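My plan is to go through it part by part and jot down what I look up.

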Amino acid sequence: MKNKRHLSFAAREQLAGYAFLAPWIIGFLTVTLYPVLYSVAMSFSAVKITGSSIKLSWRGLYYYDQALNVDPGFTIDLGKTLFFIFCFTPVIVVLSLIVSVLLNNKFRGRGIFRAIYFFPVIIMSGPVISTLLSKYTVSFSDAIPQIYEFLNSLPDTLKSPSVYILDNIILIMWFSGVQILIFLAGLQKINPNLYEAAAIDGAGTWEKFWKITLPHTKTLAVICTLYTIIDLANYSNNAVNQRITTRIFDDAGRIYSLSSAMSWIVFIVIMLIIGAVWLLFYLFSREKSK
Amino acid sequence: MNKSAFIRARKRILGTNEKMGILPLAVILMLLIGIGFVFIYPILYMMVNSILSPDELADVSVNWVPREIYWGNYRKAIETLDFFTSFLNSVLMSAGPTVLQVTVTSFIGFGLARFRIKGKTLWMVLIISTFLIPDQVTKIPRYVLYHSYGILNTILPSYLPAVLGQGLKSAIFILIYYQFFASYPKALDEAAEIDGCSRFRIFYQIALPTAVPATVLSAVASFVWYWNETSQSTMFFGEKIKTLPMQLGIFTDRYTALYGAADALNEVDRLNEAVTLAGTFLSILPLLLLYLILQRKFMQSVEMTGIAGE
């Protein structure tokens, strides 16, 4: 007790802060850091299970080589997943921006619409999605064949993403719940005086959207984009994650190691994409402020 | 027609600055209804088809409006899902971790927001990085780790990380609380401190009660995410504790075990789309009810919290 009194204010502040942070630090060391490091170790070593103990023996980059050059489907599935992310992300971000701008208007019954648009987040789960989307929902190709005729006439680079997006439109929408919330919460924070001032100066709805709303959502759009990429990459039903799961108990003596190596390859690729998006945004906003 | 009547009509249709006119409103509603329909189409489809009898399911003329409500699918689905046990398991594995996770993340968020600690940036980066690392990277090592702790197939693989701020998407909740506590006036704290209030008491008697919006938001999101998580939980405690979504994942196998193989059976007992959809609906029904009760409060919380940092 006496000792404590001698501590300076700053030191006590440190102590108190770390006391609040302590659960996280302990948790990070005990249940998060160890598995991450262990996973890295497994991706570089052969795993041998004897009884209840696990032995690792160093194999270098062997499993990374296996994943990239030997496993027949991995690179294909990785490509599929990247295609999935590249197609979905822009649509999700734009769609959720549009929906949140619509929902942000003041009209009667908007509560009901908000409730509906947040529905997907509530029921999003692997089993539910696979039951609902794999077999039982009608694809839009049956409903409006003309759209497909039109899309089929496009060059291939345009055709395949747009057909893909249209085929998966419900899934895309179901991934946008959180993003709609992020935008909606951000839109609420725009000072209404800005709109009033603009209206007095004769700005219409259209101009107000482009000159006030959109610039204010820039940061939100970046957050949404990053969130979407991570969300889609971690989605357990995407092609590459399904492959990783089937490779966990690989029977060719590559148990655990191969799937760990695959996970880390995917992780690095996704981090590169996130870094690129962030860099683009950074350069873009610097250009603007000059 | 005189001029003022014309202006009035124009105002009503196109709207003024204060009030939206009929035309923009109609456009907005049309768009919202259109997109909204695609949003909930699968759910409507599921609800309608889950009450179709086997005869009607085969009948092409019955599309959206069933002639009668056939509850047989639900009876079978309840049995296949082992509904009541699974439901209680789901509550046990969602409510518990949610309470722990929300409590602990609010605690951590408060610490980060209110104290000038050294190395704060480092901790923030580490917290965000735990969100970036996908679950499948750490799934197997966690399994090995929990195995060595001897806690597999107990409630602990879910409860232990939650109580240490490492639960499902804990990083998001820490950030929500961090942002909330960083933005409310510090004067309250200081006044309490002068009156001799301990830091912990400041947290739970002053700071936490003001953070109701952040808590509602975190609690609902956390509950839903825990409820729907299957890929890790199947591995960590799936042998002993089966939740509703887990049962749904093995629905076909369970049904076959209970009622026999699909093609060996007569029309009535065969596993059909309607039964599967009834099962799907049952597995999310508790969440739907919870959401319907809380949605107003939830939406208000979203508006007041702001999930993304500005």
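**Chain A, inside**

I started with the two domains of chain A: twelve residues of domain 1 of chain A are in contact with eight residues of domain 2 of chain A, contact meaning heavy atoms within 4.5 Å. Before going on, I noted that this is a predicted model, where local features need pLDDT of at least 70, side-chain atom pairs count only at pLDDT 80 or more, and totals for chains, interfaces and linings use all residues. I also noted that residues are numbered from 1 along each chain as its sequence is written, that chains are lettered from A and ligands numbered from 1 in the order in which they are written, and that side-chain values use heavy atoms, with hydrogens and water left out.

Where do domain 1 and domain 2 of chain A run? Domain 1 covers 2-60, and domain 2 covers 63-124 + 175-289; such bounds come from an automatic or database domain assignment. Taken over C-alpha atoms, the centres of these two domains of chain A are 30 Å apart.

Next I looked up the area buried between domain 1 and domain 2 of chain A: about 850 Å², with 64% from carbon and sulfur atoms. Buried area here is the accessible area (1.4 Å probe) that two parts lose on being put together, summed over both. On the domain 1 side, Met42(A), Ser43(A) and Val47(A) lose the most area to domain 2, together 47% of what that side buries.

The elements giving two or more residues to the domain 1 side are H2 and strand E1 (45-50) of chain A; helices (H or I, at least four residues) and strands (E, at least two) are DSSP runs, numbered from the N terminus. H2(A) gives the most to that side, with six residues.

**Chain A against chain B**

Then I moved to the two chains. The contact takes 86 residues from chain A and 90 residues from chain B. About 8,000 Å² is buried between them, and carbon and sulfur atoms give 76% of that.

How many salt bridges cross the interface of chain A and chain B? I get two. Arg199(B) and Glu13(A) meet in a salt bridge through their side chains, at 3.5 Å, N to O. On the side of chain A that touches chain B, helix H2 (residues 9-44) of chain A gives the largest share, 24 residues.

**Chain B**

Chain B is assigned domain 1 (1-40) and domain 2 (74-305), and their C-alpha centres lie 42 Å apart.

Is Ser53(B) buried or exposed? Ser53(B) counts as buried because its relative accessibility is 6%; buried means under 20% relative accessible area, exposed over 50%, partly exposed in between (1.4 Å probe, protein chains only). Ser53(B) sits in the loop between helix H2 (22-49) and helix H3 (54-58) of chain B. Apart from neighbours within four places in sequence, Ser53(B) is in contact with Glu68(B) and Tyr70(B).

My last stop was helix H4 (residues 72-81) of chain B, which is largely enclosed by the rest of the structure because seven of its ten residues are buried. Among them are Gly72(B), Tyr74(B) and Leu81(B). The buried residues of H4(B) pack against H2, helix H5 (83-114), helix H14 (244-249), helix H15 (251-259) and helix H16 (273-305) of chain B. Just after H4(B), I noted a positive phi of about 55° at Asp82(B).

How values were computed: Salt bridge = Lys/Arg side-chain N within 4 Å of Asp/Glu carboxyl O.
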